[in-house]
Amino acid sequence: MNVPGVADGRREFHVMTKPTGAICNLDCSYCFFLSKEELYPGSSFRMSDEVQETYVRQLLEAHPDDAEVVVAFQGGEPTLMGLDFFRRAVELGRRHARPGQRVLHTVQTNATLIDDEWAAFLAAEEFLVGVSIDGPPAMHDAYRVDKGGKPTYERVVRGLHALQRHGVDWNALTTINAANGDHGREVYAFLRDELSATHVQLIPIVERVTDEVLPLVGSGWGARGGAVVAHRQEGDHVTDRSVGPEQYGRFLIDVFEEWARHDVGEVFVPVFDTALAHWLGLHQVGSCVHAETCGDALALEHTGDLYSCDHFVEPAHLLGNIAEGRTLLQLVESPQQRAFGDAKRDTLTDYCRRCDVRFACHGGCPKDRFTTTPDGEPGLHYLCAGYQLFFRHIDEPMQVMASLLRAGRDATGLRSWYATRDARREPTERCTCGGGAPFGDCHGRGGTVGA
């Protein structure tokens, strides 16, 4: 989801608010957040009216008079709060917004609780809704199950159809994992063709584990017998649900080859938008994963506790509580948070600093920098090999799009560039995606998988 910047020179920031904390009605086996329940023993895991109002008020106070302010809810599963909570959020936004401020509400949901009443409200209040769905039924249901271990695809799609009936603006959030990691084009085409998705966010599953066995809430067992650490990013190996480094790179390439031929300008994939921003030399690039520094996407727990990042909801990265002294903006601009964000750049390995695609990658998210470089330096991103595959593969088409935009032309001209190049290619030649299959049996087949 794109978040607009502020206009008065203050750093742009975004808060992911978790009104139910880690509580969810599903039990997705790869979910890193379920174990965060242990941080708040005895809690009701429901954001109080007082904390909700403090959050909305301070968020609006932290933005200029002419800003578009995003009030974002995630989980856990935020719809467990019920419709009245969201009705009140809208009312609070209207009450505390200053003249000229525009309030945009977003919610990330598994959609299993969405019905026509929910959808009508979300449409009327112009919510942007992110729906978590991992592809076709078998791939989605591999890990996205309920508390009884039963599949959830049909319930998710039922909720999605309610959103679509009411014209709700929605995005697909799709994790890339061991179950779907070899099926990039199939997953993307399914989201586009079967679900009519026009905005697809791709999130790699990397579950760090340690050999130390810790008491946990929920799942989290790895292939080597270790356990996912409940409160902190630790461990130097991953679960068997995690996507492999090269596997992730090939997935992105597979999707890019389909998107570049058919969907530029019609389907938006944030990782591609971010890459293009880098090739254009822009400072604001959208996704924090491949930004030079981070620290501008924070997480607010149901208690009012503010953490440095959604992936670092752990004691060492607690900034404070927005209802206890310092305000939201003061915590966002605190030396602790600035140091957290700058460390992404300052702790890069020498191997990363010398890399030819560093300008587009910037070392990835710090949470996954737990492997070693070829020369033995610790701190390399687990997905480094995949990032190198992907960014090197897209260099030429990105240069084409960047040239089109600099010339004042539409980036959709990339489709014509691909069509011209493809016309010279024999069907028996190896496909441009590098997967090894003949072009005529792979991305040369046309716009739909199986055509």
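Mentor: Let us begin with handedness: a crossing is left-handed if the near helix is turned anticlockwise from the far one by less than a right angle, and right-handed if clockwise. Please note that this is a predicted model, in which local features need pLDDT of at least 70, side-chain atom pairs count only at pLDDT 80 or more, and totals for chains, interfaces and linings use all residues. Residues are numbered from 1 along each chain as its sequence is written, and side-chain values use heavy atoms, with hydrogens and water left out.

Trainee: Which handedness does the crossing of α14 and α15 have?

Mentor: α14 passes α15 in a right-handed crossing. Helices here are DSSP runs (H or I, at least four residues), as strands are (E, at least two), numbered from the N terminus.

Trainee: Why are α14 and α15 called oblique to each other?

Mentor: The axes of α14 (residues 395–406) and α15 (residues 413–423) come within 9 Å and cross at roughly 135 degrees. Angles under 35 degrees count as roughly parallel, over 145 as roughly antiparallel, 65 to 115 as roughly perpendicular and the rest as oblique. The two helices are therefore oblique.

Trainee: Which residues make the contact between α14 and α15?

Mentor: Contact means heavy atoms within 4.5 Å. From α14 come E396, P397, V400, M401 and L404, and from α15 come G413, L414, W417, Y418 and R421.

Trainee: What makes D422 count as buried?

Mentor: Buried means under 20% relative accessible area, exposed over 50%, and partly exposed in between (1.4 Å probe, protein chains only). D422, in helix α15, has 16% relative accessibility and therefore counts as buried.

Trainee: What joins the side chains of D422 and R261?

Mentor: A polar contact of 2.7 Å joins them. The term denotes a pair of N or O atoms within 3.5 Å; within protein, one must be able to donate a hydrogen and the other to accept it, and residues adjacent in sequence count only if both atoms are side-chain atoms.

Trainee: Why does K18 count as buried?

Mentor: K18, in the loop between β1 (14–17) and α1 (49–61), is at 1% relative accessibility and so counts as buried. Its side chain reaches the backbone oxygen of G75 at 2.9 Å, and a polar contact of 2.8 Å joins the side chains of K18 and D310.

Trainee: Why is S308 also described as buried?

Mentor: S308 is at 1% relative accessibility, and therefore counts as buried. The side chain of S308 makes a polar contact with that of Q337 (2.7 Å).

Note on methods: Axes are lines fitted to C-alpha atoms, for helices over the stretch in contact, and angles run from 0 to 180 degrees between N-to-C directions.
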